[in-house]
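Please examine the sequence and the model below before reading the questions.

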Amino acid sequence: MKKVLLTMVFVLSLVSFCFAAEEGTAETSSITKAAIALASGLAIGIAAIGGALGQGRSVSAGLEGIARNPEAYNRILTVLIIGLALIESLVIYALVISFMLILKL
Amino acid sequence: MVKKFWIAVSFSCIVLVVLTSSLFASEEGFIWAEHLPFWEWLSSFQKPNPALIDFTTIDAVPVAYATLVSLLIIVLALIARFVIQFKVIPSATFHPGNVFELITEAVLYLSTDIIGPRGKQFLPLLGTVALFILFSNILGLVPGFIPSTSNININLGMAVVVFIVYNYWGFKAHGIGYLKHFMGPVLWLTPLYMSIEIITNVARILTLSVRLFGNMTGDHLVLSMFSKIVPFLAPIAPLALGLFVCFIQTLIFVLLSTMYIALAIEKSEH
């Protein structure tokens with residue numbers, strides 16, 4: 001019972017994290033809008049270049065490993081999928097920034 | 001006999017997807033929660049956050065879907081406990097207990113692989129996280145539902161819980177010596193290492209949540225765009241990709257949480 005109460009108090013004390021809201025509506029001039037549009041396009045574009053290069057290299061290394069040792073297919077596949085998802089997550093962060101900018105237009 | 005069942009199920013799923021894909025193509029995109037009797041009350045909880053993006057509003061609608069997913073998991077758990085007789089000898093044909101065993105064993109073997117024999121005590125946390133993320137992601141692919149993990153607050157909740165858990169177990173395993181993990185190899189490099197380690201640890205919360213959020217929101221947006229442009233047969237591509245991404249993202253979340261716990265409680269060999 002004490003443990004339950006302790007965890008409840010702990011969890012409820014973190015509620016204030018959720019309500020971090022800021023005020024501020026700025027009037028966007030046309031050069032600001034142009035800059036925002038340019039930035040949001042460039043963000044995801046450049047991120048996609050790096051992500052695609054990295055994923056291409058990792059897949060090629062995975063395929064080479066499978067070609068050398070076809071029995072290790074399952075183990076290589078597991079590591080390969082995890083690596084691809086981690087590389088892709090960096091591109092996803094850039095995508096989130098791009099979303100944030102687009103909605104500020 | 002079983003094979004025909006699965007063929008019929010997949011065929012009917014494809015037919016349903018094709019027929020209902022036009023639902024995505026409506027002006028605003030409709031969600032089933034609009035027909036709830038308490039929809040007015042539910043949608044009045046929106047608190048927009050103009051500093052961050054639109055998807056991080058305090059919104060009760062994804063929480064409603066998260067409640068639905070939780071109820072679904074509870075119902076499945078009750079079925080597994082009270083309805084299904086688990087047999088010790090595996091049966092030759094399809095036994096519904098096999099599905100539950102599959103899910104539990106997957107998470108259990110993953111955690112014991114990475115954490116070691118102590119991994120068994122983390123099965124409730126990791127299994128809950130895995131099931132919740134998996135079901136809410138997959139439910140988001142059905143027309144009319146939104147993935148509840150597409151609201152960053154729900155992902156932040158899970159990531160903060162994982163952060164607290166691995167720090168708590170780190171302190172419990174090492175005492176105050178857990179802070180030695182944050183100091184570098186040499187004592188006078190401690191300020192540099194400490195700042196990097198603290199930033200890394202705080203970034204773990206952010207990366208765990210933002211990765212899941214970005215994937216789910218991006219896939220949901222792509223699906224809705226595809227359905228608006230060509231409602232017939234074209235949404236199959238983002239649906240297939242979305243299904244693949246669902247599984248991968250739950251695997252990544254659970255795997256990373258397991259690795260953070262393992263890093264915190266490992267007994268380093270000198």
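Predicted model: local features only at pLDDT ≥ 70, side-chain atom pairs only at ≥ 80, totals over all residues.

Residues are numbered from 1 along each chain as its sequence is written, while chains are lettered from A and ligands numbered from 1 in the order in which they are written.

Q: Which pattern does chain A follow along the sequence?
A: Helices (H or I, at least four residues) and strands (E, at least two) are DSSP runs, numbered from the N terminus. Chain A has three helices and zero strands. Its pattern, read along the sequence, is α-α-α.

Q: What percentage of the residues of chain A count as buried?
A: A residue is buried if 20 or more other C-beta atoms lie within 10 Å of its own, exposed if 12 or fewer, and partly exposed in between, with C-beta atoms placed from the backbone. Chain A has 105 residues, and the buried share is 13%.

Q: How far apart are the end C-alpha atoms of helix H3 (residues 60-82) of chain B?
A: The expected span of a helix is 1.5 Å times one less than its number of residues. The 23 residues of H3(B) should therefore span 33 Å. In agreement with this, the end C-alpha atoms are apart by 32 Å.

Q: Which element of chain B has the highest mean pLDDT?
A: pLDDT is the predictor's confidence in each residue, from 0 to 100. The lowest mean among the elements of chain B, 76, belongs to helix H2 (residues 39-43) of chain B. The highest, 93, belongs to helix H5 (residues 123-139) of chain B.
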